[in-house]
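Colleague: I'm new to reading structures like this one. Can we go through it in questions and answers?

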Amino acid sequence: MTAYTDPPKESFQLSQLIHDTRYRSYTFQFIALVLLLFGLGYLTMNLITNLRVAGLSISYGFLGQPAGYDINQSLIDYNNQDSHLRASIVGVLNTLLVAFLGCITATILGVFAGVGRLSKNWLIAKLMSVYVEAFRNVPVLIWILIISTIVTVMPSPRDFKGETPDAEMLFGIIAFTNRGIYIPKPVWLEGSWVVVTVFILSVIGVFAYRSYAKKLLFNTGKLLPMGWPSVAILLVPSILVYFIMGRPIGVEIPELGGFNFKGGVALQRPLIALWLALSVYTGAFIAENVRAGIQAINRGQTEAAASLGLRPGRIMSLVILPQALRVIIPPVISQYLNLTKNSSLAIAVGYMDLTGTLGGITLNQTGRAIECVLMLMLFYLLISLSISAIMNAYNNRVKLKER
Amino acid sequence: MKKSVFLGALTVAGLTAGAAAAATLDDVKSRGKLNCGVTTGLVGFAAPDANGEWQGFDVAVCRAVAAAVLGDPTAVEFVPTTGKTRFTALASGEIDLLARNTTWTFSRDTDLKFDFVGVNYYDGQGFMVPKALGVTSAKELDGATVCIQTGTTTELNLADFFRTNNIEYTPVPIETNAEAQPLYLEGACDVYTTDASGLAATRAAFETPGDHVILPEIISKEPLGPLVRHGDNEWGDIASWTLMALIAAEEYGITSANIEEMSAGTNNPEINRILGTEGELGAMIGLDAEWAKRAIAAGGNYGEIFAKNIGEETPVGLARGLNAQWTDGGLLYAPPFR
Amino acid sequence: MSDMHSHLAFVRTEMLAQQEPPIKEKGIVKWARSNLFSNWMNSVLTIVAFYLIVKLIFSAGPWFANGLWDTSSLAQCREVLDGVRGACFSVLTERWQQLLFGIAYPSDQYWRPTLAFVLMLVAAAPVLFVALPRAMLVITALFPFVAYWLLWGGTIMTSVFLLIGVIVGYLVFTKAERFGFVLGLAAGLIAAVVVWKIGGVIKPSVDGIMVLEPVASRDMGGFMLNMMLGVVCISLSLPIGIMLALGRQSHMPIIKGISVVFIEFIRGVPLITLLFVASVVLAYFFPPETNMDLILRVIIMITMFSSAYIAEVIRGGLAALPKGQYEAADSLGLDYAQAMRLIILPQALKISIPGIVNVAVGLFKDTTLVSVISMFDLVGMIRGPILASTEWNGVYWELYGFAALLFFVTCYSISQYSQWLERQLRTDHR
C-alpha cells in the first residue's frame, strides 16, 4: 500500500558512458588515465631499451664515492675526499645562501626603487624608471655575465701590495677585491658566551620596554621617550660586561699575505657577482610590485591621513605601506621564488651552487646524467614547494583578516 | 590545431633517420653526413671562423673520417658540445664520433661504455702564472687562487696535486676558456690551469704573452683522442684506422702534395697498402680501396694538420714534443698496415 | 570729481601692469625647486644622482667616442687606440651576421629570416590591435606555413600540403561538430592526417616547385634562434596552456590531478634543469631508431615550461570571470565544449592577454639559457665562437652591450604594448 510508486529502476546501459553527463566524466577520466599510463609506459620502455643497448644502468652508487674536487665556498666542512652526496649538500646550502642574501637585498633595493619611482623628485623618479626598465627587459643571464665582468675589474689583491698601493682597504678592515670581499671575523674567546647572553637579554629587554611604553601610551596617554632608552638598554649592559669579562671577543682582520688576503671572512667573487646580479635584477621586479601596491591604495587614504595632520613620511609608514603590503607581499614572494630558481644560473659565474656541484662537476665526472638531473629537479622542487607553502599560508592569513 | 600541425611539421624537419644502436657506418652512409661532436670553441682545436667554417685540429679528424667514409671531407655536421653534454650526445646517437679533446680514462672507457679509438694529442695539465709573481714551481703555489675550466678531468688532477703536496688553494671554476681569461688577466686568480696545449693557446691571445710563464710541472697525463660508442666495433675500427692512417702517412712521407704521385704506385709496399694500390685493406673495414688516400688528402697527414692548426707557425704555437713520431722521439706510433 | 580722486591717494584708478613672477617661482628655477630641491633630503638625493650621472658620462663618453668600427681584430684595435681608452665596435661590424643569424645559416639566404621577421610583425598586428581590419587575420593564419617554408627552405609544396590538410581538417570539423565537440575534433584530425599522407605520396613528384635552399634546424643561431624559440614555443604553449588551465578547473579528480601535478612540477624547477633534461636525458626516452636533434628537444621542453606558466595566467582569467557567466551558459543549455568556446574562453582569454604577454616576454628572455647547453643563440655565439676566436678574444663590453640592447629594444616594445593594452582593457570595464 505505498502511496507512490518507485521510479522505474534505471538499468545501466553502456551508451550512458558517452551520453549521460553523470557517467561521461568517468569515461573521460578513464581515457585520460589510460593515455597517461600508456605514455609513461612507452617512455619507460624506451628508456629501458636504450639503456640496455648502450649497456648502461641507473644507479645511485656514485653518491657515496669521493667527489675528488674542491669547492671554494662552503657553509659546512668539506674537502675533496668527501662524497658526491656531501658535495651536493654543500651545493644545496650554497643555493639557499645566495637565495637568502639575494632576497634581502632585492627587497631593500626594490622598495627603494619602487618608492623612488613615485617620488616627487623628478631626477630620482626618472633614474629609478631607467633602472627598472633596463633590468626588467634584458635577460638575467646577460646581466649576470655583465656584472660578473664588472666585479672582475675591481682591484686585485696584488694592487694592495707595495709601498704605494693602487688600492686600500676600507677603514683598514674591509678589502674589496676582484676575488671577493674580505671582512673582519669575530674571534670567540673564553667567556664570550656571557657577553652574547647579555646581549640577547638586552634585545629582549628593548622589546619589553617598547611594548610597556606603548601600553602606557594607550592606557594613560603618557608618552615615554622611545629612542635613547632603547639604544641604552641595547648597548650599555653588553659593553659593561664586555669590559668586565676582559674583552673576550676579538676581531680577526683580513691581512694581505702571500698570494691573497688571509684571515677574516671571505665572500668569494662568484658569490658576490651572483648575489649582486640577482638582487638588482629581482629588485627591478619587486620595485614594480611595490609601485603597483602603493598605487592600488585609494588616494583618499593619503588625504585622510594628511587631514589628521600626519607628515608625508609618517603617512607612508603608518597608513599607506601597511595597507599596500597586503597587495605587495604575494607577488614579492613569487619573485623570491624566481630569484631562487634563477640562482641556478650560478654556473655562468662559477658559483658552486646545486647546479654547479650536483648538476655540474658531479655530472661531468661521473657521467650519470639521468640520475643527477633527476635529483637536481627534485631538490629544486622541494625548495620551491616550501616557498609556495609559505606563500599560501600567508595568503590564507591575510584572507582571514579581511573577512 | 593549426599550431599542432606546425609541431608536426617541425617534427618532420627535426627527425633524422638513424639507429643509435649499431651499424653506425650504414647510418652515416645513408645520411650522407657524419655527425661529429666538437667543442663550442677552442682556438686551434675546434672553432668556427668568421665565415662559419669549423677549423682546427679536432675538426681535421672529423673531416678525415668523413672523407674516408663518404668521400667528401665537407660532409660533416659539426655538433658543438659542452663538457656536460658531450657524453650523452654520443651515447644517445646524436653524434657518431666525438672529437672534443677528451681525456682517455678508465671509467670513461668502461663505465660510460665508450671506445677511445686512439690518441691524437698527448697532453698534460699545466699551470700558467704572471711572470711578476716570481713563481718558478707549482709547489710554491700555497694559498693561491686557481682558475680551472670545469667539466674536465682538470679539477680532479688539481685537487690531487695540491693534496699530495699538502698545500692549500682556492678553486675558481670557470665554464669556458674565454671567460677564464679576463679573470686571470685582471688578477682575480693567480694561476690558470688547464691542459698545457690550452694554456699555450690562451697565452697566444694575450696582449703581452711574454708577461706570463707556463710552469714546468705537468701534473697529469692527458691523452686526448676521439671516441665512439662501445659495441659497434666496425665503426670504431674505421675511426681508429683513419687516425692511424694520418699518423702513418707522416711517418712514410705521404703528404697532401705528393699523394697523387704516390698513389700511382711506389716501391714501398706499406705505402701502397695504405693508399690502396696493393692489398684489400679497405674491404676489410667495409670501405673501398682508396679510403685512406681520401682521408689523407682531406687535410694532409698528421704533421701537416698539426702544423696548420696548432704548430709553431700558428698563434697557438705548440711544439711537437710528445706528439712527434716515434722515430723522432715522440709517442706517435701507428701499427703496421697489413 | 577729479578732486575727489586726488584726495583718495590710496585708491588706484588703473590696473597695475602684471608683474613677472619672482624668479624663484617661474620657469626652470621653479621647476627645479619643486621637482629637484623641494626639501633637504631631495636636494641631497638630486646632487648624488647628478654626480653619478656626470661621472658615468665622463667615463663612458670617451670610450664611445673613441670607438673603432673598421679594424679586423682586437689586436689591431689596441694598436690603433695606442693606449687610449676606447671601444672596439669592429667586432659588431665584422660579426653582426653571426650574432643575428648564427654561424651556419647560408649568408646569401639572410633575406629569408629577415622577411619572415617582417611578416611576423604583419601577422601579429591584427592579433595585437583590435582596431585593424579583421581581414588581416588571413595573413596571421597563413604566416606559420610561409615562415616554415622561408626558414627551413625546401619546396613550398610541403607548406601547401600542410595548409590544405589544416583547411580540410577544419571543414570536416565544422561539419562533424554537431555530433559533439570531441568527435568533431577527432574527425577533423583524421581528415587532416589523411590529406597529409596523400601529400606525402604526391610530394616527390612536385619537389621541384619553388625550392629554397634547405637549412637544417641546427644551422640556425644567433638572435634569430632566440626569436624562433620564443615565437614557436609561445604559440605552441597557448593551446596546451588553455587545456591545462581548463583541466585544473575541472571537477574530474584525475584530470585535475594530472594538470596540477604537471603545472606545479614545471613551475617548481628552474628552466635550466629542464634544458639539461633536453640536452642530456630526453634522448633516452625516445625509441632508439629516432634521433631528434637538440633544437627540437629544446622546443619540447621550453613549450612544456611556458605552457605551465600560461596555464596559471589563464586560470587567473577563468577565476576572474563572474560565476554568473558560467551559470548563464548552463542555463542556455550549452554543453561544456560550447560553453567554454562561446562564452567563457573568449572573455577569460581577453582579460588574460596582458598576463600572457608578460609570460611571453619572460620566456623570450629565458631563451638565452640555451647557451648553457651549447646552443649558439645570441649569448651562445658570444660566449662560444666569438670570444674563443683569436681575433676577438677579450672583447666583452661591446658584445654584451649589443646583446643587452637587442633584448631591451624587443622586450621594452612588447611591455609597452602590454601596458597600453592593460589601459585599454581597464577602460572597457569601467
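Predicted model: local features only at pLDDT ≥ 70, side-chain atom pairs only at ≥ 80, totals over all residues.

Colleague: Which residue stands opposite B:P130?

Modeller: Start with strand β9 of chain B, residues 125-130, which pairs with β13(B) in the antiparallel sense. Three bridges hold that pairing. Look across from B:P130 into β13(B) and you find B:H212.

Colleague: How many bridges join β1(A) to strand β2 of chain A?

Modeller: These two belong to an open, antiparallel sheet of three strands, in the order β1-β2-β7 (chain A). Its edges are β1 (175-177) and β7 (265-268) of chain A, each pairing on one side only. A:F176 stands opposite A:I181 in β2(A). β1(A) and β2(A), the latter covering residues 180-183, run antiparallel, and the bridges joining them number three.

Colleague: How far apart do the C-alpha centres of domain 1 of chain B and domain 2 of chain B lie?

Modeller: The bounds come from an automatic or database domain assignment. In chain B, domain 1 is 20-122 + 223-328, written in two pieces, and domain 2 is 125-220. Between the C-alpha centres of these two domains of chain B you get 30 Å.

Colleague: What about chain A: what distance separates the centres of domain 1 and domain 2?

Modeller: Here domain 1 of chain A covers 16-54, and domain 2 of chain A covers 84-139 + 275-402. Taken over C-alpha atoms, the centres of these two chain A domains are separated by 39 Å.

Colleague: Back to chain B: which residues in domain 1 lose the most area to domain 2?

Modeller: In contact (heavy atoms within 4.5 Å) are 13 residues of domain 1 of chain B and nine of domain 2 of chain B. Together the two domains of chain B bury about 800 Å², 62% of it on carbon and sulfur atoms; buried area is the accessible area (1.4 Å probe) that two parts lose on being put together, summed over both. On the domain 1 side, 33% of what gets buried comes from the three that lose the most: B:L42, B:V316 and B:L318.

Colleague: And what is the area buried between chain A and chain C?

Modeller: Chain A brings 51 residues to this contact and chain C brings 53. On chain A's side, A:Q29, A:N137 and A:M377 supply 13% of the area buried against chain C, more than any other three residues. Carbon and sulfur atoms give 76% of the total for chains A and C, which is about 4700 Å².

Colleague: Last one: which residues in α14(B) do B:L246, B:I247 and B:E250 meet?

Modeller: Those three sit in helix α9(B), which spans residues 233-251, while α14(B) spans 302-309. Their partners in α14(B) are B:Y302, B:G303 and B:I305.

Definitions and conventions: Residues numbered from 1 in each chain as written. Chains lettered and ligands numbered in written order. Heavy atoms only, no water. Axes fitted to C-alpha atoms, helices over the stretch in contact; angles between N-to-C directions. Helix = DSSP H or I, 4+ residues; strand = E, 2+ residues; numbered from the N terminus. Pairing = 2+ DSSP bridges.
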